[in-house]
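Work through the exercises below with the sequence and the 3D view side by side, and try each task before reading its solution.

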Amino acid sequence: MRWMRKRWRVVLFMLSVLDGVMGGGWLYYRSTFPYGWSHSCDKQLMFALHQYAGDHGRAYPAGEATQEASLSLLYPKYANEYVLQGKTVPLDLVKVTLERGDRLGPDTCGWHYVEGLTLDDDPRLALCWDKVGLGHNGQRLSDGGRTVLFVNMGTEYIASAKWQEFLEEQEKLLANRKKNKFVKQQP
């Protein structure tokens with residue numbers, strides 16, 4: 001009888017250790033991949049955007065109700081739901097939305113897309129980046145930066161410490177673009 005109590009204590013101890021290891025693993029996974037693992041590849045999105053622009057007079061997708069809706073124009077010919085979901089939105093939600101023939105919106109697309117640009121724009125203009133700032137497989141990045149896609153098919157990682165400076169530069173570049181476009185339209 002005594003040996004059974006001892007055995008149960010060992011079993012309970014082993015179960016508590018196993019529970020601790022599993023709990024720690026789950027916490028690690030959730031902290032590393034806050035929205036779950038995904039492979040919504042930045043570079044696949046860049047290639048899809050570039051191919052779209054090549055087929056549409058050098059213009060990237062535009063003209064829909066929201067920036068995310070314009071990005072939906074890539075579906076299904078240029079990009080699938082895996083690419084368009086971004087790294088934060090559940091795949092099932094995006095798939096149902098697109099298969100229904102609806103356009104993506106802010107709550108169904110994890111990408112920040114700058115609408116209205118062309119292949120002929122300033123190569124320093126950013127075209128797209130992840131809204132939250134996650135890594136290649138949806139993992140949290142150590143410094144909170146983002147990978148940015150540019151109109152010339154370039155990519156660059158912008159560290160969190162430089163993010164605000166980057167956004168301010170983008171505002172200036174976009175304002176300059178609009179000013180130059182207005183000047184060209186004048187007779």
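**Exercise 1.** Decide whether Gln170 is buried or exposed, and find what its side chain reaches.

*Solution.* Gln170 has a relative accessible area of 6% and is therefore buried, a word used for values under 20%, with exposed meaning over 50% and partly exposed in between (1.4 Å probe, protein chains only). This is a predicted model, in which local features need pLDDT of at least 70 and side-chain atom pairs pLDDT 80 or more, while totals for chains, interfaces and linings use all residues. Residues are numbered from 1 along each chain as its sequence is written, and side-chain values use heavy atoms, leaving out hydrogens and water.

**Exercise 2.** Which parts of the chain does the pair of Trp129 and Trp163 tie together?

*Solution.* Begin with the geometry: the two rings are 5.4 Å apart centre to centre, with 85° between the planes, and are edge-to-face (rings of Phe, Tyr and Trp, the last by its six-membered ring, pair if their centres lie within 6.5 Å; planes under 30 degrees apart are stacked, over 60 edge-to-face, the rest tilted). Trp129 belongs to strand E2 (residues 126–130) and Trp163 to helix H6, so the pair joins parts 34 residues apart in sequence.

**Exercise 3.** Which residues form one aromatic cluster with Trp129?

*Solution.* The cluster consists of Trp129, Phe150, Trp163 and Phe166.

Technical notes:
Helices (H or I, at least four residues) and strands (E, at least two) are DSSP runs, numbered from the N terminus.
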